[in-house]
Amino acid sequence: MKKQKNKLAGLQRRKAVSGYLFIMPFIIGFLAFMIKPLCQSLYMSFCDVQVESGSFTMVPIGITNYIQAFRVDPEFNRLLVEELTRMLYNTLAIMVFSFFVALILNQKFKGRALVRAIFFLPVILSSGVMLGLESNNSLISIIQASMEENASGVSITDAIQTILRTAGVGTRAFEKVFEIIDNIYDVAIASGIQIIIFLSGLQTISSSMYEAADIEGCTKWESLWKITFPMISSLFLVNWIYTIVDFCMRSDNEVIDKISTVMIEQINYGFSSAMSWIYFIIVIVFVAISSLIISRRVYYYD
Amino acid sequence: MTKAKHKKSNDFWERNRKSGGYLLQKRIMTVVLSICRFILLFGMCFLILQPILNKISVSFMTEEDLYNPLVFSIPEHFTTDNYKLAAQLMNYGKALKNSLIISLSIAVLQITVCTLVGYGFARFEFPLKNFWFACVMLVILIPPQTISTSLHLHFRFFDVLGLSQLIRGETINLRNSVLPYYLMSATCMGLKNGLYIYMIRQFFRNIPKELEEAAYVDGCGTLKTFIRIMLPDAKPILTSCFLFAFVWQWTDGFYSKMFLGGTNLVSTSLSRIVDSLGAYMQRILGVKTTISVAYSNAILSTGTLMIILPLILLYLFAQKGFVESLSSSGIKM
């Protein structure tokens, strides 16, 4: 008996060792290229970094860099607030849009494969440098501006806006919604992966559940909220986190842009580290709080 | 044939009458719904495709067409000069070759390592496993921009445990060399590698344990089980991850700018194309001129098209790999 237990422990140990061997590359990389630079950049954000040829020196100056970011720099506060609000409502819009599209794409109709292919195209075509270029494409924006000028009041959102305003409905609440609808292209091209994740979730729901609901007299609308929604609620969490992270790393993000400008062009490593740490901490806190709220509502089937 | 059809339609009305109008109502609902769906999907597909179509039409226009308000979408003076100029400005042939080599090798390296790590997380029990997996989540969450400052300096004054300082008396400058990026890729710290680890782990977790145990009983070692039993099963998820790694590396600007600044890549040369157009014009005309917004944008669109062309070809061939395998493998929390 005792011998057997020993043997099991030996097997377990061997498995543990091989497990560690498998994840070794990650551990090395994590320590060397993540933890070390992370600590260094945290330290750097409290320092005045001077780069000379051949070496660099760091002089600790306390929280001066942070004070500079919040109190001295004219742009940083404004950019930060702008980016964060943009992130909030874009993420919401992306979630709703991708859930809706996934629902449609999960139905059976002719040409489904083609439509799926087109919806997934943005994942490829609007990644990396292309995204930044797209938003800088001033020719298109000039054309759009001139079109809007010519067709003022003709566009649907404008018309609805006018109607709502004359009907006396408060415009402030609707402004954001209209803004999102006007930017529907940005939402559509940012939600490729999210659609796929939702689709994969929808496909795992067994059809017998819908059948049972149908026999009991459930309408489609009810079964959407009572079956589909709870069954894929865990994917909302995944998508929420993915969307926020994706948004932080986009190349047309103005905060990121400012950080890299300060770093590469002004060679002010300390200040740029401080700014990136502020940004990073705000985003992490935001992700933590929001995912805590969402995960309370997530329903696990098994 | 017509009789049968006639009978069928008769049958329909008969059935409708019997059901008290319910059947007709239901039929109309279905038709209306599918029309609505068609309009919606058509609109959204057009929304996504429109910029590409727009770029294609602009790329064939001459400069006067761009300013001619009568010309819409179809160029009046059809030309391929834009393509020639863009190719020259981006050094297209060389950039394409470099990008291909780097994207391929990086993608292969990243996916190999991520598969190993993902497998390790999915199939083995070891102390601190949850802690290390939390670290993977952290890697997904931390924007690379946060550590970019420090990595910048890290590779500028590169040193392994002070060895180089000891031997050569100075640190190695690895800026503008390809090596740092390969090092990072080989240790799972490249572009979105945390995501690949996560996806691959989720896949391996769903493989039944009996398969693995049978292999062990038959005398396979850990590594042999992994290569012979697990890898062939994981083909779909590995294909998707590989395609993602390739495509994202191809278009990536951030890592390319930081580590591969010296190498001529399509992504970096595209982001510089407007500046190089200015330099080119200055060289030809001999005086500093401002290029019209429309023309520089036409060149930019042409360059973008030339870069995404290989990706679109890849997508056409491997569409199934991108969409189907990812959704069928079922990513679950």
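Q: Which element of chain B has the lowest mean pLDDT, and which has the highest?
A: In this predicted model, helix H8 (residues 163-168) of chain B has the lowest mean pLDDT among the elements of that chain, at 62, while H5(B) has the highest, at 90. On a scale of the predictor's confidence that runs from 0 to 100, chain B averages 80, and 86% of its residues score at least 70.

Q: What scores does the model as a whole receive?
A: The ipTM is 0.76 and the pTM is 0.80.

Q: Why are H4(A) and H10(A) called oblique to each other?
A: Let's start with the numbers. Helix H4 (residues 112-125) of chain A packs against helix H10 (residues 192-204) of chain A at an angle of about 135°, and their axes are 8 Å apart. Angles over 145 degrees count as roughly antiparallel and those from 65 to 115 as roughly perpendicular, with oblique as the name for the rest, once angles under 35 are set aside as roughly parallel. The pair H4(A) and H10(A) is therefore oblique.

Q: What makes the contact between H4(A) and H10(A), and how do its residues divide by class?
A: From H4(A) come A:Phe119, A:Phe120, A:Pro122 and A:Val123, and they meet A:Gly192, A:Ile193, A:Ile195 and A:Ile196 of H10(A). By class, seven are nonpolar, one is polar and none is charged. Gly counts as polar, so A:Gly192 is the polar one.

Q: How do H4(A) and H2(B) cross, and which hand does the crossing have?
A: Their axes come within 9 Å and cross at roughly 40°. The crossing is left-handed. On the H4(A) side the contact is made by A:Val115, A:Ile118, A:Phe119, A:Leu121 and A:Pro122, and on the H2(B) side by B:Leu41, B:Cys45, B:Ile48 and B:Leu49. What makes this contact nonpolar by class is its make-up: nine nonpolar residues, no polar and no charged ones.

Q: Where do the domains of chain A lie, and how many residues link them by contact?
A: The domain assignment gives domain 1 (1-44) and domain 2 (45-297). Four residues of domain 1 of chain A are in contact with nine of domain 2 of chain A. On the domain 1 side, three are nonpolar, one is polar and none is charged.

Terms used:
Residues are numbered from 1 along each chain as its sequence is written. Chains are lettered from A and ligands numbered from 1 in the order in which they are written. This is a predicted model: local features need pLDDT of at least 70, side-chain atom pairs count only at pLDDT 80 or more; totals for chains, interfaces and linings use all residues. Domain bounds come from an automatic or database domain assignment. Two residues are in contact if their C-beta atoms, placed from the backbone, lie within 7 Å. Axes are lines fitted to C-alpha atoms, for helices over the stretch in contact, and angles run from 0 to 180 degrees between N-to-C directions. Helices (H or I, at least four residues) and strands (E, at least two) are DSSP runs, numbered from the N terminus. A crossing is left-handed if the near helix is turned anticlockwise from the far one by less than a right angle, and right-handed if clockwise.
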